[in-house]
Amino acid sequence: MNVQELKHPGLKKWVEEAVALMSPDTVEVCDGSKAEYDRMIKITVDAGLATPLNPEKLPGSVLFRSDPSDVARVENRTYIASQREEDAGPTNNWINPAELKKIMTDLYKGSMKGRTMYVIPFSMGPVGSDIAKIGVEITDSSYVVANMHIMTRVGTKVLDVLGSNGAYVPCFHSVGKPLGPGEKDAGLWPCAPLDKKYISHFPETREIWSYGSGYGGNALLGKKCLALRIASVLARDEGWLAEHMLILKITNPEGDVKYITGAFPSACGKTNLAMLIPTLPGWKVETVGDDIAWMKFGKDGRLYAINPEAGFFGVAPGTNNESNLNAMESCKKNSIFTNCGLTEDGDVWWELIGHGAPGKEILDWKGNKRPAPKTDKSPKGEEIAHPNARFTAPARQCPCIAKEWEDPAGVPISAFLFGGRRPKTIPLVNQARSWIHGVFMGSIVGSEVTAAVISDQVGQVRRDPFAMLPFCGYHMGDYFKHWIKLGQSHDESKLPKIFFVNWFRKNDEGKFIWPGYGENSRVLAWIFDRCSGKGKAQETPIGFLPTLDAITPPQGVSQGDMQELLKVDIEGWKAEIADVRKNHYPKFGDKLPKELYAELDAIEKRLNA
Ligand code: OXD
Ligand code: MN
């Protein structure tokens, strides 16, 4: 389709203005068809950017290698450009929007010369769902178009819903690498240098402008930019929730079903939990979403969640048949791999995939020939796959995808989980006493920083409230207030119950006490039962903990271990509370709701009683 055929005058004008600014050679409006996807892949293969994989092993799949400067989300180049700095808050990078638009307009001038501009109409959420939102991304990257086909719903069907005056979030994206006459990418991933990359959000005007990066959340603008940073602002204004949460469907042995969502910071096994294979006989766990949940109130006063995405953008290293068989199966075909190793037989390989690589040589993520590894481990810094190598796979290919995953009405949520990687103090599971106590728990989520994240903080606990630290599009203090207000304005008995979980407790020798993975189903079963008014619990100063006989320990976990996992570490909690009071809450200044200080005082009093 060409721009002249667009039936939405506002959209047409916006595209025409972008064309005048960015000067692409040609413009295409994406129709979302399979033929279009195949053409995008062919363009990238012809440009030397993608390698087709062995069709007998990974039919319909390709591997990309990005530029070494363009391998992850760039948080220090990500901006919330609200009119007032205080509306972005202390946890976001702020620039005055007019100033930022001026800088970026200069960068966008002629940035698409020698390239095609693609106009991608996309829906976050099932097309036409009341909970879904429409975005339109303008990009000069065929890699982005192909990924957006998998991660969102794209094309003419979205334009049909938009009609001639529907609302959409306009999203600009350019890799920032115009081509001169006759110039080609010639196998080099196009992007701009780090100090020219900008991932910008304008919350008041609901716009996204991204420049200079072609990778993941920097470039696939439906995901973190729209579905979290902009959507969190929409949700605040419209009375709903846009959260960095997985969505699970759980069925008990009697056939009763409940849905729960869970927020966890990076490197806490979120995708693994979303696709867990339960070890508890008779229980079934299915996936609705692995990263983002949008939740609105139904007429019955309950919260209903949709997964706004249509695919998984999963971290490859560490994923194997033991840790996540369902993810391995999801990316067996029609998938895009980025920054993985390439074996001699045309297969992908990554660290902790569960086996060495065949043959004599392998190409690493930079395209260098290396000896084929005999095991699945590499020394730190010498990895064959980049530690943030990814697979993009259609959610419908997941063997445990729930049949309701595309229900436009969403699924009713019974529980919220919060969790982090905490070697000490935080018990295996703890149920909040009330909504406000649960919001307090969410506001203090912390996780031990692993080597993969920020090296100078390794081993320390970094607070990541609601796992939204890099994704909240406004002041976190106001975000806490929004959660509190939702509780105050709805019938609490119909709201999800709130739980804090911790799969990562270690003993004094530094060994994990709880085996995690499928065994987490034992904890999910207790949570499920608590939501049905069952499940044995005792009231403690920090919340409701399972009684010692409420969770049957997995093999290898002794009664003593269970006691350790389920005890209230009074001294540890006092230190936790002191840290929140001294180092965490003051960051939010007078925007920190007084209700949260009241919770802090109350828990301290109970611990001292
Ligand atoms: C992600 C993230 O990629 O949270 O989902 O960083
Ligand atoms: Mn995420």
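This is a predicted model: local features need pLDDT of at least 70, side-chain atom pairs count only at pLDDT 80 or more; totals for chains, interfaces and linings use all residues.
I took local features only at pLDDT of at least 70 and side-chain atom pairs only at pLDDT 80 or more, while totals for chains, interfaces and linings use all residues. Side-chain values use heavy atoms, without hydrogens and water, and residues are numbered from 1 along each chain.

Helix packing. I looked up helix 11 (residues 435-443) against helix 16 (residues 594-608) and found an angle of about 95°, with the axes 10 Å apart. Helix 11 is therefore roughly perpendicular to helix 16 (65 to 115 degrees). The contact (heavy atoms within 4.5 Å) includes Phe-440 of helix 11 and Leu-600 of helix 16. Helices here are DSSP runs, H or I, of at least four residues.

Salt bridges. My search of the whole structure gave 42 (Lys or Arg side-chain nitrogen within 4 Å of an Asp or Glu carboxyl oxygen). Asp-376 pairs with Lys-377, closest N and O atoms 3.3 Å apart. Asp-376 is buried at 10% relative accessibility, whereas Lys-377 is exposed at 58% (buried under 20%, exposed over 50%, partly exposed in between, 1.4 Å probe, protein chains only). Arg-581 and Asp-601 meet at 2.9 Å, N to O. I noted that this pair links helix 15 (residues 570-584) to helix 16, 20 residues apart.

Definitions and conventions
Chains are lettered from A and ligands numbered from 1 in the order in which they are written. Axes are lines fitted to C-alpha atoms, for helices over the stretch in contact, and angles run from 0 to 180 degrees between N-to-C directions. Helices (H or I, at least four residues) and strands (E, at least two) are DSSP runs, numbered from the N terminus. Angles under 35 degrees count as roughly parallel, over 145 as roughly antiparallel, 65 to 115 as roughly perpendicular and the rest as oblique.
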